[in-house]
Amino acid sequence: TVPSPLASPDEVRSRLPETVDVREKLGVVLDSVTRIRQAMTREKREVPLIGFSAAPWTLMFYMVGGSSKRNTETGQAWLQDHPEASLELP
C-alpha cells in the first residue's frame, strides 16, 4: 500500500521527478538480472528469464489510490476527472 498517494494532478509535477536515473535507483535490480542471466548461460539453461513489476493500470491505481485492490473508485474517478493528467503519470 502507498501511504501517501497522489491527491491531485498538481502533485504529478510537484512530487514525481521529471527524469529518473535508472542505474542509480534500480542498479541493484539490473545487476541481479545480469548475474542471473550469466549463471543461466554458464549452466546452459535455455529458458526465458521473466520478471514482473505490474501492469500500468495497477501502478496507476497505487499512485492515485494507494492500492490496486482497495480504493478502485479513486483510480476510476482520476481517469474520468483528469484524463490528460493520467497520461502524464510515469
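Colleague: Does Ser-67 count as buried or exposed?

Modeller: This is a predicted model, in which local features need pLDDT of at least 70, side-chain atom pairs count only at pLDDT 80 or more, and totals for chains, interfaces and linings use all residues. Residues are numbered from 1 along each chain as its sequence is written, and side-chain values use heavy atoms, with hydrogens and water left out. Buried means under 20% relative accessible area, exposed over 50%, and partly exposed in between, with a 1.4 Å probe and protein chains only. Because its relative accessibility is 6%, Ser-67 counts as buried.

Colleague: Which residues does Ser-67 touch, not counting those up to four places away in sequence?

Modeller: Ser-67 lies in the loop between H3 and H4; helices (H or I, at least four residues) and strands (E, at least two) are DSSP runs, numbered from the N terminus. Contact means heavy atoms within 4.5 Å. With residues up to four places away set aside, Ser-67 touches Phe-61 and Tyr-62.

Colleague: How do the axes of H3 and H4 cross, and what does that make H3 relative to H4?

Modeller: Axes are lines fitted to C-alpha atoms, for helices over the stretch in contact, and angles run from 0 to 180 degrees between N-to-C directions. The axes of helix H3 (residues 56-65) and helix H4 (residues 72-81) come within 9 Å and cross at roughly 100°. Angles under 35 degrees count as roughly parallel, over 145 as roughly antiparallel, 65 to 115 as roughly perpendicular and the rest as oblique. Therefore H3 is, relative to H4, roughly perpendicular.

Colleague: Why is the protein chain described as more spread out than a compact globule?

Modeller: The protein chain has five helices and zero strands, and its C-alpha trace spans about 50 × 25 × 25 Å along the principal axes. The radius of gyration is taken over C-alpha atoms, and the globule rule is 2.2 Å times the number of residues to the power 0.38. For 90 residues that rule gives 12 Å, so the protein chain is more spread out than a compact globule, with a radius of gyration well over that value, at 17 Å.

Colleague: What share of the residues of the protein chain counts as buried?

Modeller: Among contacts between residues at least 6 apart in sequence, 47% join residues at least 24 apart. Of the 90 residues, the share that counts as buried is 19%.

Colleague: What is the phi of Lys-44?

Modeller: Lys-44 is placed in the loop between helix H2 (22-42) and H3. Lys-44 counts as exposed because its relative accessibility is 67%. Although Lys-44 is not a glycine, its phi is positive, about 55°.

Colleague: How far apart in space are Leu-30 and Arg-42, C-alpha to C-alpha?

Modeller: Leu-30 lies in helix H2 and, at 35% relative accessibility, counts as partly exposed. Leaving aside neighbours within four places in sequence, Leu-30 is in contact with Val-22 and Arg-23. Leu-30 and Arg-42 are twelve residues apart in sequence, and their C-alpha separation in space is 18 Å.
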